Amino acid sequence: MDTFDYDDIQLIPSKCIIKSRHDADPSIQFGPHRFNIPVVPANMESVIDEPLAIWLAQNNYFYVMHRFQPENRLPFVQHMHSQDLFASISVGIKDAEYEFIDQLKAAGETPEYITIDVAHGHSDYVINMIQYIKENLPDAFVIAGNVATPEAVRDLENAGADATKVGVGPGKACITKLKTGFGTGGWQLAAVRLCGKAARKPIIADGGIRHNGDIAKSIRFGASMVMIGSMLAGHQESPGNMIKIDGKDYKQYWGSASEVQKGAYRNVEGKQMLVPFRGSIKDTLKEMEEDLQSSISYAGGKDLESIRKVDYVVVKNSIMNGD
């Protein structure tokens, strides 16, 4: 099996057909809504909170609210719907989560998007949860993950998932690959390619994004949406605390399986770190949009679909040579 990651790949330009990159359309239809760009902040407590979710929804960006304050999820859905905004939440697979689905149904609240957020998503328990959500909230767009193989994508799609999330441990705050020996760290982009070939429904590439150009590479190899953690942490709107070191500002960023998140050192597969303060997330998202427009112009098209058609070369980690 050919394996490679983001820094191993360069996309090859095609003849440009637009006068300006601003003529390129980087928007994506994902489930019931169309979004400005194929980017979603990671559903981590250090990346997303309710005020940021509201702003993202108001400004036509996709979001997935984390599941780490479960008692707030029903009020969150109700609050979003009271503002005529879409609700996108996360659930797990414990018994209490089935009760939560029952609560949503009883309240007459169907979130537009429900993400089943499990570290190892190729599981009978995830399949059971997909089926339960589809039986009780049939209009919800169900995202299931995380997975690493074509077999997993097929199994979750066959169970009723509307999209699958690909990536096991490639993120900057994740140490699954070190603690367990398993994962897609170092070959995440190849995993996206493999899973994308098997998928009949959208996939989300989750983790391992270090540069804006990696978004275009994810699209090239089959992703409809790209989930980003560390690059969308560290902003003014990010939940983490601000810390000043040697006159420079940083913000806290931690993995969902970290000791910080769990509140205890058990089954820890994540870590806490500091990321440089980046100002407003609005500017970062705008830069991502403009860089994607440039990618589309290099791909020789007018929209994201053109990126899927370009050739590429494997350069095996020499992309930064000469810098």
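## Strand β10

A residue counts as buried when its relative accessible area is under 20%. In this predicted model, that label applies to every residue of strand β10, which spans residues 225-228. M225 and M227 point to one side of the strand, while V226 and I228 point the other way.

## Neighbours of β10

Strand β4 (residues 39-41) runs parallel to β10, and 3 bridges join the two. Within this pairing, V40 has M227 as its bridge partner in β10. M227 is also one of the buried residues that point the same way as M225.

Strand β9 (residues 203-206) is likewise parallel to β10 and joined to it by 3 bridges. Here A205 has V226 as its bridge partner in β10. Between β9 and β10 the chain passes through helix α8 (residues 213-220), giving a right-handed β-α-β crossover.

## Packing of helices α4 and α5

Two packed helices are described by the angle between their axes and by the distance between those axes. For helix α4 (residues 124-136) and helix α5 (residues 150-159), the angle is about 30 degrees and the axes lie 8 Å apart. Because angles under 35 degrees count as roughly parallel, α4 is roughly parallel to α5.

The crossing of α4 past α5 is right-handed. On the α4 side, the contact is made by V126, I127, I130 and Q131. D155, L156 and A159 make the contact from α5.

Note on methods
Residues numbered from 1 in each chain as written. Predicted model: local features only at pLDDT ≥ 70, side-chain atom pairs only at ≥ 80, totals over all residues. Heavy atoms only, no water. Buried < 20%, exposed > 50% of the residue type's maximum accessible area, 1.4 Å probe, protein only. Helix = DSSP H or I, 4+ residues; strand = E, 2+ residues; numbered from the N terminus. Pairing = 2+ DSSP bridges. Right-handed = clockwise from strand over helix to strand, strands pointing away. Axes fitted to C-alpha atoms, helices over the stretch in contact; angles between N-to-C directions. Parallel < 35°, antiparallel > 145°, perpendicular 65-115°, else oblique. Left-handed = near helix turned anticlockwise from the far one by under 90°. Contact = heavy atoms within 4.5 Å.
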